[in-house]
Amino acid sequence: MQITLSQFAGFCDGVRRAFDIVDNLEDARIKKPVFVLGSLVHNKDVVRRIEEKGIKKIDKEWFMRAKEGEIGTVIITAHGVGPQIYGLAKEKNIDVIDTTCPKVIKVQRLAQAYSKRGYAIILVGDKEHKEVKSIFEWGNGRATIVSDREDLKNIHLVQSEKIIILSQTTQSQDFVDEVYKFVKGKYPAAEIADTICLATNQRQGEVKKIARENDAVIVIGSTESANSTRLYEIAKSLNKKSVFIESDEAMPECGFFKGVRKVAVTAGASTPDWIIERVVARLEGCKNSLNAV
Ligand code: SF4
(Lines give C-alpha, C1' and ligand atoms only; values in the text may rest on other atoms or scores of the structure.)
Protein backbone atom coordinates (compact mmCIF):
# COMPACT_ATOMS: atom_id res chain seq x y z
CA MET A 1 0.00 0.00 0.00
CA GLN A 2 1.41 3.36 -1.04
CA ILE A 3 0.89 6.17 1.48
CA THR A 4 0.90 9.77 0.22
CA LEU A 5 0.86 12.73 2.55
CA SER A 6 -0.66 15.92 1.13
CA GLN A 7 1.84 18.75 0.80
CA PHE A 8 -0.73 21.12 2.37
CA ALA A 9 -1.73 18.97 5.35
CA GLY A 10 -1.83 20.64 8.75
CA PHE A 11 -1.60 24.10 10.27
CA CYS A 12 -2.04 26.95 7.82
CA ASP A 13 -0.01 30.14 8.31
CA GLY A 14 -2.80 31.85 10.30
CA VAL A 15 -3.29 28.99 12.74
CA ARG A 16 0.45 28.40 13.14
CA ARG A 17 0.88 32.10 13.92
CA ALA A 18 -1.90 32.01 16.54
CA PHE A 19 -0.55 28.82 18.09
CA ASP A 20 3.04 30.14 18.21
CA ILE A 21 1.95 33.44 19.80
CA VAL A 22 0.14 31.60 22.60
CA ASP A 23 2.70 28.81 22.97
CA ASN A 24 5.49 31.37 23.44
CA LEU A 25 3.74 33.79 25.78
CA GLU A 26 6.15 35.17 28.34
CA ASP A 27 4.29 34.49 31.54
CA ALA A 28 5.73 37.29 33.68
CA ARG A 29 4.62 40.05 31.33
CA ILE A 30 0.99 39.06 31.08
CA LYS A 31 -1.84 40.45 33.13
CA LYS A 32 -3.60 37.55 34.88
CA PRO A 33 -5.91 35.73 34.70
CA VAL A 34 -5.63 34.91 31.00
CA PHE A 35 -8.54 33.56 28.98
CA VAL A 36 -9.00 32.59 25.37
CA LEU A 37 -12.24 33.63 23.72
CA GLY A 38 -13.40 30.37 22.12
CA SER A 39 -11.18 27.58 20.80
CA LEU A 40 -7.78 28.81 19.65
CA VAL A 41 -7.64 25.83 17.31
CA HIS A 42 -10.40 23.27 16.73
CA ASN A 43 -8.32 20.44 18.09
CA LYS A 44 -8.59 18.74 21.50
CA ASP A 45 -4.83 18.13 21.86
CA VAL A 46 -4.04 21.80 21.29
CA VAL A 47 -6.82 22.91 23.65
CA ARG A 48 -5.36 20.62 26.36
CA ARG A 49 -1.86 22.04 25.79
CA ILE A 50 -3.16 25.59 26.22
CA GLU A 51 -5.10 24.68 29.35
CA GLU A 52 -1.90 23.28 30.84
CA LYS A 53 -0.51 26.81 30.61
CA GLY A 54 -3.34 27.95 32.86
CA ILE A 55 -5.26 29.57 29.99
CA LYS A 56 -8.94 28.73 30.13
CA LYS A 57 -11.50 28.96 27.37
CA ILE A 58 -14.46 31.32 27.82
CA ASP A 59 -17.37 32.13 25.56
CA LYS A 60 -18.60 35.51 24.40
CA GLU A 61 -21.46 35.62 26.97
CA TRP A 62 -18.99 35.00 29.82
CA PHE A 63 -16.75 37.74 28.46
CA MET A 64 -19.66 40.18 28.20
CA ARG A 65 -20.78 39.50 31.78
CA ALA A 66 -17.30 39.64 33.35
CA LYS A 67 -16.69 42.48 35.78
CA GLU A 68 -13.55 44.62 35.75
CA GLY A 69 -10.67 42.63 37.22
CA GLU A 70 -12.14 39.19 36.50
CA ILE A 71 -10.20 38.99 33.24
CA GLY A 72 -6.61 40.24 33.04
CA THR A 73 -5.93 39.34 29.41
CA VAL A 74 -8.10 37.95 26.64
CA ILE A 75 -6.71 36.09 23.64
CA ILE A 76 -8.64 36.59 20.43
CA THR A 77 -8.43 33.59 18.13
CA ALA A 78 -7.45 33.48 14.44
CA HIS A 79 -11.15 33.59 13.44
CA GLY A 80 -11.46 37.15 14.75
CA VAL A 81 -14.21 39.00 16.63
CA GLY A 82 -16.45 41.97 16.02
CA PRO A 83 -15.66 45.56 17.09
CA GLN A 84 -17.82 45.25 20.23
CA ILE A 85 -15.30 42.91 21.89
CA TYR A 86 -12.41 45.37 21.45
CA GLY A 87 -14.61 48.15 22.84
CA LEU A 88 -15.63 46.12 25.89
CA ALA A 89 -12.04 45.04 26.55
CA LYS A 90 -11.02 48.68 26.64
CA GLU A 91 -13.93 49.61 28.91
CA LYS A 92 -13.16 46.80 31.36
CA ASN A 93 -9.40 47.43 31.30
CA ILE A 94 -8.64 44.01 29.80
CA ASP A 95 -5.42 43.49 27.83
CA VAL A 96 -5.87 41.94 24.39
CA ILE A 97 -3.59 39.44 22.66
CA ASP A 98 -4.94 39.47 19.14
CA THR A 99 -4.13 36.43 16.97
CA THR A 100 -6.73 37.21 14.29
CA CYS A 101 -5.38 35.92 10.99
CA PRO A 102 -4.34 38.85 8.75
CA LYS A 103 -6.44 37.33 5.95
CA VAL A 104 -9.54 37.42 8.14
CA ILE A 105 -8.73 41.03 9.12
CA LYS A 106 -8.70 41.84 5.40
CA VAL A 107 -12.32 40.62 4.99
CA GLN A 108 -13.40 42.41 8.17
CA ARG A 109 -11.92 45.67 6.86
CA LEU A 110 -13.56 45.21 3.46
CA ALA A 111 -16.94 44.64 5.15
CA GLN A 112 -16.43 47.80 7.21
CA ALA A 113 -15.34 49.88 4.20
CA TYR A 114 -18.10 48.70 1.85
CA SER A 115 -20.71 49.15 4.56
CA LYS A 116 -19.54 52.75 5.12
CA ARG A 117 -19.81 53.33 1.36
CA GLY A 118 -23.46 52.24 1.48
CA TYR A 119 -23.06 48.86 -0.22
CA ALA A 120 -25.37 45.94 0.45
CA ILE A 121 -23.10 43.03 1.39
CA ILE A 122 -23.72 39.41 0.46
CA LEU A 123 -21.53 37.31 2.71
CA VAL A 124 -21.00 33.71 1.61
CA GLY A 125 -20.25 31.61 4.68
CA ASP A 126 -21.49 29.47 7.51
CA LYS A 127 -23.90 31.59 9.63
CA GLU A 128 -22.83 29.91 12.86
CA HIS A 129 -19.10 30.31 12.30
CA LYS A 130 -17.18 32.82 14.42
CA GLU A 131 -15.35 34.30 11.46
CA VAL A 132 -18.62 34.97 9.62
CA LYS A 133 -20.19 36.54 12.71
CA SER A 134 -17.16 38.81 13.10
CA ILE A 135 -17.26 39.92 9.43
CA PHE A 136 -21.01 40.52 9.76
CA GLU A 137 -20.42 42.76 12.78
CA TRP A 138 -17.61 44.72 11.09
CA GLY A 139 -20.06 45.24 8.20
CA ASN A 140 -22.38 46.95 10.66
CA GLY A 141 -24.97 44.18 10.34
CA ARG A 142 -25.62 45.13 6.69
CA ALA A 143 -24.88 41.70 5.24
CA THR A 144 -27.16 38.98 3.91
CA ILE A 145 -25.46 35.72 4.82
CA VAL A 146 -25.63 32.91 2.28
CA SER A 147 -24.72 29.55 3.78
CA ASP A 148 -26.39 27.27 1.24
CA ARG A 149 -28.49 27.32 -1.94
CA GLU A 150 -31.70 27.79 0.04
CA ASP A 151 -30.39 31.15 1.31
CA LEU A 152 -30.21 32.47 -2.25
CA LYS A 153 -34.00 32.78 -2.06
CA ASN A 154 -33.58 35.32 0.77
CA ILE A 155 -31.68 37.82 -1.34
CA HIS A 156 -34.12 40.68 -1.88
CA LEU A 157 -32.23 43.79 -2.90
CA VAL A 158 -33.16 46.87 -4.89
CA GLN A 159 -31.76 46.97 -8.43
CA SER A 160 -30.25 50.42 -7.84
CA GLU A 161 -28.33 49.23 -4.75
CA LYS A 162 -24.57 48.82 -4.84
CA ILE A 163 -23.80 45.18 -4.05
CA ILE A 164 -20.57 43.49 -3.00
CA ILE A 165 -20.07 39.77 -2.50
CA LEU A 166 -17.57 38.78 0.19
CA SER A 167 -16.87 35.31 1.52
CA GLN A 168 -15.62 33.50 4.58
CA THR A 169 -11.96 32.70 3.94
CA THR A 170 -12.54 28.94 4.09
CA GLN A 171 -15.50 28.78 1.70
CA SER A 172 -15.54 26.42 -1.25
CA GLN A 173 -14.52 28.27 -4.42
CA ASP A 174 -17.18 26.36 -6.37
CA PHE A 175 -19.97 27.56 -4.08
CA VAL A 176 -18.76 31.18 -4.13
CA ASP A 177 -18.66 31.02 -7.95
CA GLU A 178 -22.20 29.64 -7.94
CA VAL A 179 -23.44 32.45 -5.68
CA TYR A 180 -21.70 35.05 -7.84
CA LYS A 181 -23.31 33.68 -10.99
CA PHE A 182 -26.75 33.70 -9.34
CA VAL A 183 -26.43 37.23 -7.92
CA LYS A 184 -24.91 38.66 -11.10
CA GLY A 185 -27.81 37.18 -13.09
CA LYS A 186 -30.31 38.96 -10.84
CA TYR A 187 -28.34 42.15 -10.16
CA PRO A 188 -25.94 42.80 -13.07
CA ALA A 189 -24.09 45.59 -11.23
CA ALA A 190 -23.04 43.30 -8.35
CA GLU A 191 -19.31 43.19 -7.61
CA ILE A 192 -17.19 40.53 -5.95
CA ALA A 193 -14.01 40.71 -3.87
CA ASP A 194 -11.87 37.60 -3.79
CA THR A 195 -11.54 36.82 -0.10
CA ILE A 196 -10.96 33.05 -0.13
CA CYS A 197 -7.64 32.27 1.49
CA LEU A 198 -4.99 30.79 -0.80
CA ALA A 199 -4.27 28.09 1.78
CA THR A 200 -7.90 26.98 1.48
CA ASN A 201 -7.85 27.12 -2.31
CA GLN A 202 -4.69 25.04 -2.50
CA ARG A 203 -6.02 22.42 -0.10
CA GLN A 204 -9.38 22.16 -1.85
CA GLY A 205 -7.70 21.92 -5.27
CA GLU A 206 -5.31 19.27 -4.07
CA VAL A 207 -7.90 17.16 -2.24
CA LYS A 208 -9.83 16.79 -5.51
CA LYS A 209 -6.69 15.48 -7.15
CA ILE A 210 -5.74 13.05 -4.40
CA ALA A 211 -9.32 11.79 -4.04
CA ARG A 212 -9.31 10.84 -7.71
CA GLU A 213 -5.80 9.37 -7.74
CA ASN A 214 -6.07 7.21 -4.60
CA ASP A 215 -8.19 4.26 -3.52
CA ALA A 216 -8.82 5.76 -0.07
CA VAL A 217 -8.46 9.18 1.57
CA ILE A 218 -8.02 10.04 5.23
CA VAL A 219 -8.96 13.58 6.20
CA ILE A 220 -7.77 14.57 9.67
CA GLY A 221 -9.61 17.37 11.42
CA SER A 222 -12.35 18.29 13.82
CA THR A 223 -16.01 18.38 12.82
CA GLU A 224 -16.00 21.86 14.43
CA SER A 225 -13.43 23.01 11.89
CA ALA A 226 -15.04 24.54 8.80
CA ASN A 227 -12.09 23.97 6.49
CA SER A 228 -11.57 20.35 7.61
CA THR A 229 -15.25 19.54 7.10
CA ARG A 230 -15.11 21.09 3.64
CA LEU A 231 -12.05 19.00 2.75
CA TYR A 232 -13.86 15.84 3.80
CA GLU A 233 -17.00 16.75 1.84
CA ILE A 234 -14.94 17.26 -1.31
CA ALA A 235 -12.99 14.03 -0.79
CA LYS A 236 -16.15 12.02 -0.08
CA SER A 237 -17.94 13.38 -3.16
CA LEU A 238 -15.13 12.02 -5.35
CA ASN A 239 -13.96 8.98 -3.42
CA LYS A 240 -16.45 6.87 -1.45
CA LYS A 241 -13.65 5.36 0.64
CA SER A 242 -12.93 8.65 2.38
CA VAL A 243 -12.87 8.88 6.16
CA PHE A 244 -12.91 11.87 8.49
CA ILE A 245 -11.07 11.45 11.80
CA GLU A 246 -10.00 13.87 14.51
CA SER A 247 -6.91 11.93 15.55
CA ASP A 248 -5.07 8.60 15.24
CA GLU A 249 -7.34 7.22 17.96
CA ALA A 250 -10.26 7.27 15.52
CA MET A 251 -8.36 5.47 12.74
CA PRO A 252 -10.33 2.66 11.08
CA GLU A 253 -9.16 -0.91 11.70
CA CYS A 254 -6.42 -2.14 9.35
CA GLY A 255 -9.00 -4.37 7.63
CA PHE A 256 -10.50 -1.20 6.13
CA PHE A 257 -7.39 -0.90 3.94
CA LYS A 258 -7.54 -4.44 2.56
CA GLY A 259 -7.35 -4.18 -1.23
CA VAL A 260 -6.32 -0.49 -1.06
CA ARG A 261 -3.27 0.05 -3.25
CA LYS A 262 -2.92 3.78 -2.65
CA VAL A 263 -4.06 5.86 0.30
CA ALA A 264 -3.70 9.62 0.73
CA VAL A 265 -3.65 11.59 3.96
CA THR A 266 -4.64 15.22 4.23
CA ALA A 267 -5.51 17.41 7.21
CA GLY A 268 -7.38 20.60 7.93
CA ALA A 269 -5.66 23.85 8.85
CA SER A 270 -6.21 23.25 12.57
CA THR A 271 -4.54 19.84 12.75
CA PRO A 272 -1.13 19.85 14.45
CA ASP A 273 1.84 18.03 12.88
CA TRP A 274 2.16 15.57 15.76
CA ILE A 275 -1.32 14.13 15.05
CA ILE A 276 -0.61 13.80 11.33
CA GLU A 277 2.61 11.95 12.16
CA ARG A 278 0.73 9.54 14.45
CA VAL A 279 -1.88 8.80 11.76
CA VAL A 280 0.82 8.12 9.16
CA ALA A 281 2.64 5.85 11.66
CA ARG A 282 -0.58 3.85 12.21
CA LEU A 283 -1.04 3.55 8.46
CA GLU A 284 2.53 2.26 8.13
CA GLY A 285 1.63 -0.32 10.78
CA CYS A 286 -1.43 -1.40 8.75
CA LYS A 287 0.68 -1.55 5.60
CA ASN A 288 3.16 -3.88 7.29
CA SER A 289 0.49 -6.11 8.83
CA LEU A 290 -1.43 -6.36 5.54
CA ASN A 291 1.79 -7.19 3.66
CA ALA A 292 2.52 -9.94 6.19
CA VAL A 293 -0.87 -11.66 5.56
S1 SF4 B 1 -7.23 29.20 6.57
FE2 SF4 B 1 -6.32 31.05 5.71
S3 SF4 B 1 -7.59 32.69 6.55
FE4 SF4 B 1 -7.98 30.91 7.81
S5 SF4 B 1 -6.55 31.10 9.52
FE6 SF4 B 1 -5.57 29.85 7.94
S7 SF4 B 1 -4.33 31.30 6.73
FE8 SF4 B 1 -5.85 32.47 7.90
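Q: Why are α2 and α10 called oblique to each other?
A: This is a predicted model, and local features need pLDDT of at least 70. Helix α2 and helix α10 (residues 273-292) pack at an angle of about 135 degrees, with their axes 9 Å apart. Angles under 35 degrees count as roughly parallel, over 145 as roughly antiparallel, 65 to 115 as roughly perpendicular and the rest as oblique. The two helices are therefore oblique. Axes are lines fitted to C-alpha atoms, for helices over the stretch in contact, and angles run from 0 to 180 degrees between N-to-C directions.

Q: What makes the contact between α2 and α10?
A: D45, V46 and R49 come from α2, and W274, I275 and R278 from α10. Contact means heavy atoms within 4.5 Å. Residues are numbered from 1 along each chain as its sequence is written.

Q: What makes up the largest nonpolar core?
A: It has 22 residues, and L40, I55 and I75 have the most contacts inside it. A nonpolar core is a set of buried Ala, Val, Leu, Ile, Met, Phe, Trp, Tyr and Cys residues joined through side-chain atoms within 4.5 Å. Buried means under 20% relative accessible area (1.4 Å probe, protein chains only). Of the chain's 293 residues, 50% count as buried.

Note on methods: This is a predicted model: local features need pLDDT of at least 70, side-chain atom pairs count only at pLDDT 80 or more; totals for chains, interfaces and linings use all residues. Side-chain values use heavy atoms; hydrogens and water are left out. Helices (H or I, at least four residues) and strands (E, at least two) are DSSP runs, numbered from the N terminus.
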